[in-house]
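I opened my notebook today to look up a ligand site and a pair of helices. Here is what I wrote down.

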Amino acid sequence: MSQKVKILINGNFIESKTTEYLPVENPATQEILAEVPLTELSEIDQAIEAAQEAFKTWKEVATPERARLFLKYQQLLKENQKEIAEILSRENGKTFPDAMGDVWRGIEVVEHACNIPTLMMGETVENVARGVDTYSYIQPLGVCAGITPFNFPAMIPLWMFPMAIACGNTFILKPSEQTPMTSMKMAELFLEAGFPKGVLNIVHGSKDQVNHILNHPEIKAISFVGSVPVAEHVYRTGTDNLKRVQAFGGAKNHMVVMPDANKEQVVNNLVGASCGAAGQRCMAISVAVLVGEAQNWVDDIKKALSTIKPGVWSDESAAFGPLINQQSKDKVLRLIKSAYDQGAEVLLNGSDCKVEGYENGYFVGATLFNNVSTDMDIYKEEIFGPALLLLKAETLDEAIKIINANPYGNGTSIFTNSGAAARKFQHEIEVGQIGVNIPIPVPLPFFSFTGWRKSFFGDLHSYGKQGIRFYTETKTITARWFEEDIPAGDLNMTISLK
Ligand code: NAD
């Protein structure tokens, strides 16, 4: 019998009382790794009560002390990075180097949380009126919650709970039901680092559990990352319940290839950015817009993509792993067929891909379409598979117009040797994260992850300064003290050092 994934309530890893479980599958083999509970709603209430109770004391812990706990947590995550990455690879399917990167990008957020005393600094103005000073503090909100997707099982939970907790909040995490075990390992290390019980709680489940969190009156703020329809639902329901919500959704990211770009760099970067992690990245490049003479590079792109192969996570020669499940594979195959039916030119078709020894895996090979138009389904929908679409534009203006007409706005990039072209692109493009000769421009945690339009609902983004503002409330104090009230003898006060 496969193991049952536990829930974490008030510092205890316990088995849920529910009788309903979902399988956690290795997508390369269909082996059932574990069963994840659809946590009973009363258990979610208990987790929230534990977090409320922990908040009373956690918010009073001095900020340098909180920072010290995060320093310890960072050290433990680094020491256990390989073990976490292996758990992650098995449940998600991504290659081991990719999984190590997933954990590493999360560790960087923990490092950012270690700066919390400086990050929590408020503002001051002396003498806003004669003898009157105004200053502000930021204070935590209370119990916050995070709901995360399958595709970055380490990084995305780490975008959320370290920043919220460093600010003095307590947290309920609901990881993806498809990849819950990575979070459990990271939670073990969190407790080992010495964080008090109840500060981080983990519940599992799907729609019903998420809706319960969205409607619970004691949850003050919700961070969500996942697909667009669910992001919209979470944003609407959460804000309808007067909660603070940041909801990151899906994407369709374009790379503009100018004719003056370095061809070798373009080709190499397109391979990794489109098919790395089997295209299951919200910042994956799924469309290359070839401008002018760059349209002659199609054969080079095809040649490079045809050399990469998927495989199981432990295969060092594998460029990427399987898709997460049969449903995802079916969707990718449907879109490939639709593109073919709607007149795109199929240069590489990964639909029939088989990996020897892993015939049950949800593998799709690298896929490349030329002559794609913006009215095709494969262009309009997020593919989330190892597929690259080639579009043509005669000018940079035309390329910008195509991208700005697309409803998503997560990431984009331009490859060029012209500073003027790059400057025009970064200024005019309506996308939140832009790479100049960088294919996947995910900002490091001292900046924020700033998707736009349908890729993000809310106003304050994840981590960086915006993450701190999202998880705190500002208190502004205006103070006046009367000199005549200073007790005699105190005016020449001296400080005695012990
Ligand atoms: P998903 O929307 O299916 O699931 C995300 C979370 O929502 C999970 O925890 C799931 O249990 C929960 N959920 C699913 N259906 C729900 C419903 N009807 N009501 C309430 N909760 C529900 O997403 P996924 O398949 O796990 O992840 C892939 C998606 O996430 C892609 O669209 C990808 O682009 C997006 N993503 C976006 C970013 C970003 O930063 N913008 C980052 C990573 C992934």
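I count a polar contact as a pair of N or O atoms within 3.5 Å. With that in hand, I found a polar side-chain atom of Glu177 at 2.6 Å from an oxygen atom of the ligand. I also noted a backbone N or O atom of Phe150 at 3.1 Å from a ligand oxygen atom, and a polar backbone atom of Gly226 at 3.2 Å from one. The protein buries 88% of the 840 Å² that the ligand exposes when taken alone (areas by the Shrake-Rupley method with a 1.4 Å probe).

A reminder to myself: this is a predicted model, where local features need pLDDT of at least 70 and side-chain atom pairs count only at pLDDT 80 or more, while totals for chains, interfaces and linings use all residues. Residues are numbered from 1 along each chain, and side-chain values use heavy atoms, without hydrogens and water.

Next I turned to the helices (DSSP runs of H or I, at least four residues). I saw α2 (residues 63–79) pack against α6 (residues 155–166) at about 155°, with axes 10 Å apart (lines fitted to C-alpha atoms over the stretch in contact, with angles from 0 to 180 degrees between N-to-C directions). The pair is therefore roughly antiparallel (over 145 degrees).

How values were computed: Helices (H or I, at least four residues) and strands (E, at least two) are DSSP runs, numbered from the N terminus. Angles under 35 degrees count as roughly parallel, over 145 as roughly antiparallel, 65 to 115 as roughly perpendicular and the rest as oblique. A polar contact is a pair of N or O atoms within 3.5 Å; within protein, one must be able to donate a hydrogen and the other to accept it, and residues adjacent in sequence count only if both atoms are side-chain atoms.
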